[in-house]
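Please look at the sequence and the structure before reading on.

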Protein chains: 2
Amino acid sequence: MSDLLERLRGRGWRLTAQRRVVAEVLDGDHVHYTADEVHARASERLPEISRATVYNTLGELVSLGEVLEVSTDGRAKRYDPNAHHDHQHLVCSRCGTIRDVHVQGDPLSALPEPERYGFQVSEVTVTYRGICPTCSAPS
Amino acid sequence: MSDLLERLRGRGWRLTAQRRVVAEVLDGDHVHYTADEVHARASERLPEISRATVYNTLGELVSLGEVLEVSTDGRAKRYDPNAHHDHQHLVCSRCGTIRDVHVQGDPLSALPEPERYGFQVSEVTVTYRGICPTCSAPS
DNA sequence: TCCTACATTGGACAATGTCTAAGTCAAGAA
DNA sequence: TTCTTGACTTAGACATTGTCCAATGTAGGA
């Protein structure tokens with residue numbers, strides 16, 4: 001994740017304690033925190049960090065393409081640091097757990113030209129839903 | 001859409017003016033209103049209808065499988081009456097316009113067994129994003 | 001027509017996100 | 001090192017979207 005901080009500094013990012021902490025919280029490949037969760041975890045290391053800064057920083061990371069914004073349920077958006085490897089998401093309908101998954105083929109090619117209605121289609125997100133092993137286990 | 005009202009009455013739905021109006025607003029195959037838009041349009045015909053009733057009714061229609069809930073942007077959910085024909089969505093990244101589209105093949109089959117991690121996968125939503133003809137036209 | 005269980009209402013409340021004005025500080029300049 | 005400055009952070013008000021509840025109204029069966 002320190003590569004990330006390097007990359008960002010190379011782009012003129014001013015390196016502050018707050019931004020460093022947010023980046024550290026997002027470290028890891030299979031993390032899908034909400035902004036509030038990021039704020040809670042960042043607060044453990046830097047108690048005075050504000051919500052606004054967390055929102056700002058997450059927004060900047062998304063603009064810079066370092067983090068993906070995922071909204072699986074119409075509730076809080078989640079932030080996915082695994083932005084440099086193409087992947088999709090598998091969500092448990094019961095507990096909301098999210099896993100990164102990899103599909104066969106390019107989902108973009110499944111949309112025929114006449115079904116594009118003149119759009120310049122550039123992106124596709126696929127979300128699978130189901131019940132995870134934990135939730136489907138007999139209680 | 002009156003088939004819808006019939007179907008619902010058959011399931012024990014009490015038929016009120018409010019519910020009728022909400023159903024009428026959703027009439028049509030390519031409509032993707034937010035709850036507030038549904039409320040605004042319903043209010044034109046039945047000025048005293050409350051927000052709570054619109055939310056309740058939309059929630060019921062979703063539970064009954066008559067309407068789909070679509071959240072394309074992490075903002076307000078949208079309601080799609082085209083629930084009985086399998087389809088996906090194409091969204092304009094600029095103006096937010098939504099079109100129903102049909103893909104080739106079954107997106108579910110693109111997720112290999114080992115990528116399912118023991119989930120009982122039952123649903124998949126595919127959202128294409130791009131710039132619509134209107135937004136890409138030279139101004 | 002009358003009853004009553006179900007539906008509706010208005011408004012308070014909750015969750016998530018955005019904005020602003022004032023204070024703070026990282027990093028280059030001297 | 002110290003200074004300077006524009007970018008960053010903060011607290012809290014505000015906005016949007018959605019949920020909940022107690023009081024009131026009413027659809028549809030008896």
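The model is predicted. A rotation of 180 degrees superposes chain B on chain A, and 34 residues of chain B are in contact with 34 residues of chain A.

**Make-up of chain A**

- Chain A contains five helices and six strands.
- Read from the N terminus, the elements of chain A follow the order α-α-β-α-α-β-β-β-β-β-α.
- The C-alpha trace of chain A spans about 50 × 50 × 25 Å along its principal axes.
- Chain A has 139 residues, of which 29% count as buried.
- Among the contacts in chain A with a separation of 6 or more, 47% involve residues 24 or more positions apart.

**Symmetry**

- In general, a rotation about an axis and a shift along it relate two copies of a chain.
- Here the rotation is 180 degrees, the shift along the axis is 0.0 Å, and chain B superposes on chain A with an RMSD of 0.1 Å. This is the relation of a two-fold axis.
- The residue of chain B that comes closest to the rotation axis is B:Val126, whose C-alpha lies at 2.2 Å.

**Interface between the chains**

- In the contact between the chains, 34 residues of chain B meet 34 residues of chain A. At least two residues of this side of chain B come from each of β4 (88-92), β5 (98-101), β6 (120-131) and α5 (133-136) of chain B.
- The largest share of the side of chain B that touches chain A is supplied by β6(B), with twelve residues.
- By type, the residues of the side of chain B that touches chain A are 17 nonpolar, twelve polar and five charged.
- The copies meet through the same surface, because 100% of the interface residues of chain B are also interface residues in chain A.

**Strand pairing across the interface**

- Strand β6 (residues 120-131) of chain A and β6(B) run antiparallel and are joined by eleven bridges.
- Within this pairing, A:Arg129 stands opposite B:Glu123 in β6(B).

**A sheet within chain B**

- Three strands of chain B form an open sheet in the order β1-β3-β2, with antiparallel pairing. Both β1 (33-34) and β2 (68-70) of chain B stand at the edges with a single partner strand each, so one side of each has no neighbour in the sheet.
- Three bridges pair β2(B) with strand β3 (residues 78-80) of chain B in the antiparallel sense.
- B:Leu68 stands opposite B:Asp80 in β3(B).

Definitions and conventions:
Residues numbered from 1 in each chain as written. Chains lettered and ligands numbered in written order. Predicted model: local features only at pLDDT ≥ 70, side-chain atom pairs only at ≥ 80, totals over all residues. Least-squares fit on C-alpha atoms with pLDDT ≥ 70 in both. Contact = placed C-beta atoms within 7 Å. Helix = DSSP H or I, 4+ residues; strand = E, 2+ residues; numbered from the N terminus. Nonpolar A, V, L, I, M, F, W, Y, C, P; charged D, E, K, R; others polar. Pairing = 2+ DSSP bridges. Buried ≥ 20, exposed ≤ 12 C-beta atoms within 10 Å, placed from the backbone.
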